[in-house]
Amino acid sequence: MRAVTFTTPGGPLEIREIDEPELDETGVVVETEACGICRSDWHAWRGDPLWESRDFDDGHVFGHEPAGVVVEVGSEVEHVREGDRVTVPFNLGDGTCPSCRSGRSNVCDNRIPLGLAPESKGAFGERFHVPWADYNVVHLPDSVSSVEMAGLGCRFMTSFHALVHRADVTAGDWVVVYGCGGVGLSAVHIADALGANVVAVDLFDEKLSFASELGAVETVNANDVADVPAAVRALTDGGAHVSVDALGIAETCQNAVKSLRKRGQHVQVGLTSNEEGGEVALPTDRMVLNELQFIGAVGMPRPRYDELFRMMDRGGLDPAAVISETVSLDQTPEILASMTDFDTVGIPVITEF
């Protein structure tokens, strides 16, 4: 089958013919109909801190925001059939650890991130394998297309988990989002759907314009402001109730925390790159004196997908609004490379394999 394959960290990504996925007794093979292209794939390809010790082999396949149709089913699988339209969370849980049993599969003790671990080839190819299928497979409602589901992918549902399950966003709150890539724009849209007033911060006017279309009531171009947190605090009458760093560099993380009002909550979604090396210094005295909270958020638990689907059915959420373009598998290496200079706007989705 055809797939986009890894060679070396930061090296060329090549379209190759590779072996078909190998089915195990607990798993299924899914024919890919759509897959988002995510900055986490870029981090893994570049060898950034979270992935640098994972030793991806030449020929590894990234891609963790898929939707498709089941074409093979393992002998021990009970609840998935050939022909089912499905997706999976990017953190695949084993279904048996304490986290999974308590509904928190996104932090499974034995989680395997689809395409982001050497033992799991991802969905930048015609087909991919899903282990522990009875636990991980999410059946798609008829109302949700494969392209929409790829747009939900990791970025949209991570933002949903961050704002709905991890932070306490309520109607009328001020929410500031730093970084208007795919996950940041998703956060803007979701916070607006929750009734919050959203301030979007970025360096590019095109991305800020997109944020306004998705519901941001104020935007700040950080190139034009000497003190970004002060500007945010002025716009929000004393500071945001919730801040989101959707990028993961030291400056955006620190500025997001400094944008909060007293007793505010910061949610860290963006992962660091090589410059930060996995660690960022924080204004701890300010956090203590203002009783600020710092919260991490990764993915979304498998049992909570229905919440997203219900909001979509009611018209409250539209993941397709964050999709910027549909592309072919052959365009994927170029699009990933463009993320180095933050040239992508919104969420690109592969629909031609």
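**Exercise 1. Charges over rings**

The charged end of Arg 39 sits over the ring of Trp 42. Find how far that charged end is from the ring centre, and then look at Arg 46 and the ring it sits over.

*Solution.* Keep in mind as you go that this is a predicted model.
- Step 1: For Arg 39, the charged end is 4.1 Å from the centre of the Trp 42 ring.
- Step 2: For Arg 46, the ring is that of Trp 45, and the distance to its centre is 5.7 Å.

**Exercise 2. Rings in pairs**

Work out how many aromatic pairs the whole structure holds, and classify the pair made by Phe 56 and Phe 62.

*Solution.* 
- Step 1: Searching the whole structure gives four aromatic pairs.
- Step 2: The ring centres of Phe 56 and Phe 62 are 5.2 Å apart, with the planes at 85°.
- Step 3: Planes over 60 degrees apart count as edge-to-face, so Phe 56 and Phe 62 are an edge-to-face pair.
- Step 4: Phe 56 and Phe 62 are both buried.
- Step 5: Ring pairs also bring in Phe 6, which joins Phe 56 and Phe 62 in a cluster.

**Exercise 3. A pair within a helix**

*Solution.* 
- Step 1: Tyr 305 and Phe 309 are four residues apart in helix H10 (residues 305–313), so about one helical turn separates them.
- Step 2: Buried means under 20% relative accessible area.

**Exercise 4. The surroundings of Val 198**

Locate Val 198 in its strand and list its contacts beyond its neighbours within four places in sequence.

*Solution.* 
- Step 1: Val 198 belongs to strand E11 (residues 197–202).
- Step 2: Its relative accessible area is 0%, so Val 198 is buried.
- Step 3: With those neighbours left aside, Val 198 is in contact with Val 175, Val 177, Val 188, Ala 191, Asp 192, Gly 215, Ala 216, Val 217 and Glu 218.

**Exercise 5. The second largest pocket**

Give the volume of the second largest pocket and say what lines it.

*Solution.* 
- Step 1: The volume is about 340 Å³.
- Step 2: The pocket is lined by 18 residues, and Glu 22, Glu 119, Ser 120, Lys 121 and His 129 are the closest to its centre.
- Step 3: By type, the lining has eight nonpolar, three polar and seven charged residues.
- Step 4: Strand E8 (residues 127–130) gives the most to this lining, with three residues.

Definitions and conventions. Residues numbered from 1 in each chain as written. Predicted model: local features only at pLDDT ≥ 70, side-chain atom pairs only at ≥ 80, totals over all residues. Heavy atoms only, no water. 1 Å grid on protein atoms, 1.4 Å probe; cavity = no way out; pocket = protein on both sides within 12 Å on 5 of 7 lines; lining within 4 Å. Points joined across faces, edges and corners; volume = space filled by probe spheres on them. Helix = DSSP H or I, 4+ residues; strand = E, 2+ residues; numbered from the N terminus. Nonpolar A, V, L, I, M, F, W, Y, C, P; charged D, E, K, R; others polar. Phe/Tyr/Trp six-rings, centres within 6.5 Å; stacked < 30°, edge-to-face > 60°. Buried < 20%, exposed > 50% of the residue type's maximum accessible area, 1.4 Å probe, protein only. Lys NZ or Arg CZ within 6 Å of the ring centre and 35° of its normal. Contact = heavy atoms within 4.5 Å.
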